[in-house]
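This briefing is meant for a reader who is meeting the structure for the first time. Please keep the sequence and the model in view while going through the points.

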Protein chains: 2
Amino acid sequence: MKLLQSILGNNLPADTAPRPLAHARLEQLTMPHWALGRLMDLAEDLAAMTGQVPPPVARKTIVTFAADHGVAAEGVSQYPAEVTPQMVRNFVRGGAAVNALAKVAGARVQVVDMGVAADLNDLDGKIISRRAGNGSGNIARGPAMTREQAVFCLEAGIQIAQDLSSETDVFGTGDMGIGNTTPSAAIMAVFTGRSPAEVTGRGTGVDDDRLSQKIRVVEKTLDVNRPNAADGVDVLAKVGGFDIGAIAGLILGAAALKKPVIIDGFISGAGALIAQALCPAALDCAVAAHRSAERGHFLMLERLGKKPLLDLNLRLGEGTGAALAMPLLDAAVRLLTDVATFGDAGVSRAEDDSRAPA
Amino acid sequence: MKLLQSILGNNLPADTAPRPLAHARLEQLTMPHWALGRLMDLAEDLAAMTGQVPPPVARKTIVTFAADHGVAAEGVSQYPAEVTPQMVRNFVRGGAAVNALAKVAGARVQVVDMGVAADLNDLDGKIISRRAGNGSGNIARGPAMTREQAVFCLEAGIQIAQDLSSETDVFGTGDMGIGNTTPSAAIMAVFTGRSPAEVTGRGTGVDDDRLSQKIRVVEKTLDVNRPNAADGVDVLAKVGGFDIGAIAGLILGAAALKKPVIIDGFISGAGALIAQALCPAALDCAVAAHRSAERGHFLMLERLGKKPLLDLNLRLGEGTGAALAMPLLDAAVRLLTDVATFGDAGVSRAEDDSRAPA
């Protein structure tokens, strides 16, 4: 609790001083004014997040938090819960999509067991173990976890950000947990006030019958638990999950370290909503990777105040969207480091350009 | 003319045989069905384009065609024409945005002088020279070039694709030429039947007055030249530009070589419209990099039958959008090469998954 309190106490908004510095440089580059649009916005944002011009972004770590969810027993996924540990083993072998896409991004993937309902002891040294339990409770029938477990998950995420910070400039969030779109939808309903039907999607791809069942489960979840939207820890404990709590913690931890953190898709977005509830300023360090195909994800991004970089109909999680967005951060920073200014290059400015140096 | 005719005669649609092969592999990957959406579509498309599974995409070349445009004299840009050669020198020094973004993509930038109205002889060996003239004619008052010059530009693009093919798996198109959004808008009006007001945008960022003037120039251009939409060479000759013709040629040449070609933004899209008019099947090898901020670009993409990968409010050209899209091609191919199948990884399939192996 002490770690969480100290982080929340010190989580200041991004440093605004480097923003005008980056902006001024970007305006002098040899191109029409702001012709690279959102890439230039991103360059400026990264300067503010890190407090540096140019912002360091070379070393990237995707942290994929795995956990099981008691609510899987309600038939909300088309995959059995045993897939969670199977996929953890797939990550460790480097055979999952996030491994493949991380390679393209030049990122490392760090898997964390937050409470997979299986014995993963043989993976010691290959994954980080921060188990909050043997899977969370079935939120359709009671809380996901105790308040203490919720704080444990948040602090685990913060601690991991701190532990990895000496080798990481940019974090990416990731998740693995059969059933975890259901708590994510519940969290979203709590914070956006939208109905379960509006925020519940097909997850791994359930059919119409199972989607109806899933919506009923989210309704029941909110009914049974009555989470308090004004208390992020309460929402996490009642209708969240271990993976989601750790993602929220990673975001808080990264923000405190002034490191950008790329938010993956729907589950990571639910983690970001928890982080936002605890400390709105922490979101200043977050970049939304993509708009997911999961229903209502755009409402989640709206609530987070984030415009996604990509829109590729993704709905996988694991950190795959974060990996795909990473090269855009490199590109944004290259504008600040590599592109000549009008003055340097002897290129004529626009006739009506009032920004031209005297 | 012989080269162009032989290419048009042999430009077959993409090889469809590898598509089901790639599709079958992608369906077996350890993830919910098609959970990486458009990235998986892209992997399948690349297999069809190249005729190979996995498709080779490692070696990338962005070809940036530079040329001047007589229509710049009509006040359609806020930059003076002298910026075209200045930017060519900036490319050669590696100081432009396309150089910076190509580095992130691991791509090479090849600059081609198609007819810059300046002496660039001192850049011999650093750029390719295929000058069709000393800038194209002012299309508001007459044709951009002769039919012979149009064929020359198309063949130059084809030839460059062939010359670079031994060191290139994927091409990207790029342009530099003050005034070149005006012929691009005119070409788009010809092929889409839209009015000049619908297809003419702010280019480098002109104000309202200059935009009105630019729309009038496009109207006059179409009036004076009356291009024949059924004849791509006629459209290029009457209302095009040297850079645009060479881009069209590069697309035709790449398609004939079964190499994917990433179409940059608005000017490259105009080149693609010319290529499409000459040989619709050539577009099978084209990938649209992004939806540009230039007005009407989405209508151009619609006409080309292409869904863009990115939408980042870009409006620079040079090949910058193509560079930004390139890592997504690497990512798509990694799905085919690096991701384990359910069988390989011992991961359980969905309960209702009829695609499971027997």
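The notes below go from the whole chain to single residues.

The model is a predicted one, and its chain A holds 15 helices and six strands. Chain A has 358 residues and a radius of gyration of 21 Å, which agrees with the value near 21 Å that a compact globule would have.

**Overall form and surface of chain A**

- Taken along the principal axes, the box filled by the C-alpha atoms of chain A is roughly 70 × 45 × 40 Å.
- Of the 358 residues in chain A, 65% are buried, and the accessible surface of the chain comes to about 11,800 Å², with 48% of that surface belonging to carbon and sulfur atoms.
- Among the contacts in chain A with a separation of 6 or more, 76% are made by residues 24 or more positions apart.
- Chain A carries 34 positive and 39 negative side chains, and the centres of these two sets are 2 Å apart.

**The nonpolar core**

- The largest nonpolar core contains 268 residues, and the residues with the most contacts inside it are A:L36 and A:I274 together with B:L36 and B:I274.
- When residues up to four places away in sequence are not counted, A:L36 touches A:M31 and A:L335 in chain A, while in chain B it touches residues including B:A97, B:L101, B:L312 and B:T320.

- A:L299 belongs to helix α13 (residues 297–304) of chain A, and its relative accessibility of 9% places A:L299 in the buried class.

**Backbone features to look at**

- Most residues other than glycine have a negative phi, and most peptide bonds are trans.
- In chain A, a cis peptide bond with omega of about -5° joins A:V53 and A:P54, and A:P54 lies in the loop between α3 (37–50) and β1 (60–67).
- In chain B, a cis peptide bond joins B:V53 and B:P54, with omega of about -5°, and B:P54 is found in the loop between α3 (37–50) and β1 (60–67) of that chain.
- A:K258, which is not a glycine, has a positive phi near 60°; this lysine is placed in the loop between α11 (242–256) and β5 (261–263) of chain A, and at 35% relative accessibility it counts as partly exposed.
- B:E318 likewise is not a glycine and has a positive phi of about 70°, and its place is in the loop between α13 (297–304) and α14 (320–338) of chain B.
- Is B:E318 buried or exposed? With a relative accessible area of 2%, B:E318 is buried.

Conventions: Residues are numbered from 1 along each chain as its sequence is written. Chains are lettered from A and ligands numbered from 1 in the order in which they are written. This is a predicted model: local features need pLDDT of at least 70, side-chain atom pairs count only at pLDDT 80 or more; totals for chains, interfaces and linings use all residues. Side-chain values use heavy atoms; hydrogens and water are left out. Helices (H or I, at least four residues) and strands (E, at least two) are DSSP runs, numbered from the N terminus. The radius of gyration is taken over C-alpha atoms; the globule rule is 2.2 Å times the number of residues to the power 0.38. Buried means under 20% relative accessible area, exposed over 50%, partly exposed in between (1.4 Å probe, protein chains only). Contact means heavy atoms within 4.5 Å. Accessible areas come from the Shrake-Rupley method with a 1.4 Å probe; for residues, only the protein chains shown count as cover. Lys and Arg count as positive and Asp and Glu as negative; His and the chain ends are not counted. The place of a charge is taken as NZ of Lys, CZ of Arg, CG of Asp or CD of Glu. A nonpolar core is a set of buried Ala, Val, Leu, Ile, Met, Phe, Trp, Tyr and Cys residues joined through side-chain atoms within 4.5 Å.
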